[in-house]
Amino acid sequence: MRVLLADDQKLVRTGFRLILSVEPDIEVVGEAADGRQAVDAVARLKPDLVLMDVQMPILDGIAATREITASGAAKVVVLTTFDRDDYLFDALAAGASGFMLKNADADSLVAGLRQVHEGYALLAPEVTRRVIESRMGRAGATASDPRLELLTPREREVVEQVAHGQSNAEIAAALFVSEATVKTHISNTLTKLDLRDRVQLVAFAYETGLIRVGET
């Protein structure tokens with residue numbers, strides 16, 4: 001996994017580089033001190049994933065995330081000190097595949113990067129409940145969302161499992177199908193709904209009332 005570090009504090013970048021340098025499957029291919037540098041570095045270095053701070057000069061991390069994800073050049077995990085709702089929802093709207101807080105320990109950070117690289121969503125535990133509640137606040141008005149009609153019954157089952165946080169292997173076991181079949185259902189569903197990744201798929205499940213908070 002090729003990673004670009006974007007943070008205006010050199011000490012922070014150095015710390016992340018040290019953490020990631022001991023992982024055999026992760027290579028830090030570059031650093032950026034502001035959002036514009038990050039966008040340019042992504043075009044030049046072609047990393048798989050960008051670890052992006054929010055508050056940076058010239059171009060902030062949210063705007064830089066929007067440019068990078070719009071081009072499809074790399075996935076972005078936003079990592080910030082500030083547990084603020086505006087940062088969280090702006091980052092997700094900008095296309096970030098993950099949102100973490102800088103108080104995360106090293107093991108959680110590394111595991112989260114691998115999770116996003118494999119195509120999964122990543123939300124810090126501290127913010128997951130707020131995302132769900134926000135989506136739930138909009139669910140009542142969209143309970144009969146016509147987009148649900150685009151999905152087959154089996155695809156709806158897969159979406160429900162994804163929204164419950166199940167891995168592909170766990171979904172396959174629950175539905176008695178192969179992991180390849182699960183991947184095909186997820187890919188087809190994302191295409192039908194014009195969604196980017198599992199983060200948006202989980203949001204869709206709550207928005208449409210396909211699942212509700214507290215369901216297991």
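1. Aspartate 7 counts as buried in this predicted model, at 2% relative accessibility, and its side chain meets that of lysine 102 in a salt bridge with an N to O distance of 2.8 Å. The pair links distant parts of the chain, 95 residues apart, since aspartate 7 sits in the loop between E1 and helix H1 (10–21) and lysine 102 in the loop between strand E5 (98–101) and helix H5 (106–117). Lysine 102, at 23% relative accessibility, counts as partly exposed.

2. Aspartate 53, in the loop between strand E3 (49–52) and helix H3 (61–71), is likewise a buried residue, with 6% relative accessibility. Apart from neighbours within four places in sequence, the contacts of aspartate 53 include Asp7, Asp8, Thr80 and Lys102. The unreviewed UniProt entry annotates Asp53 as "modified residue: 4-aspartylphosphate".

3. Of the partly exposed charged residues, glutamate 67 has 34% relative accessibility and arginine 36 has a relative accessible area of 30%. Salt bridges with shared partners join Asp7, Asp53 and Lys102 into one network. Glutamate 67 and arginine 36 also meet through their side chains in a salt bridge (2.9 Å, N to O), a pair that links helix H3 with helix H2 (residues 35–45) across 31 residues.

4. The count of salt bridges comes to 11, and one further pair is arginine 2 with glutamate 27, whose closest N and O atoms are 4.0 Å apart. Because arginine 2 lies in strand E1 (residues 2–6) and glutamate 27 in strand E2 (residues 27–32), this pair ties together parts that are 25 residues apart in sequence. Arginine 2 is partly exposed at 30%, as is glutamate 27 at 45%.

Terms used. Residues numbered from 1 in each chain as written. Predicted model: local features only at pLDDT ≥ 70, side-chain atom pairs only at ≥ 80, totals over all residues. Heavy atoms only, no water. UniProt positions renumbered as here; feature names shortened; annotations may be inferred. Helix = DSSP H or I, 4+ residues; strand = E, 2+ residues; numbered from the N terminus. Buried < 20%, exposed > 50% of the residue type's maximum accessible area, 1.4 Å probe, protein only. Contact = heavy atoms within 4.5 Å.
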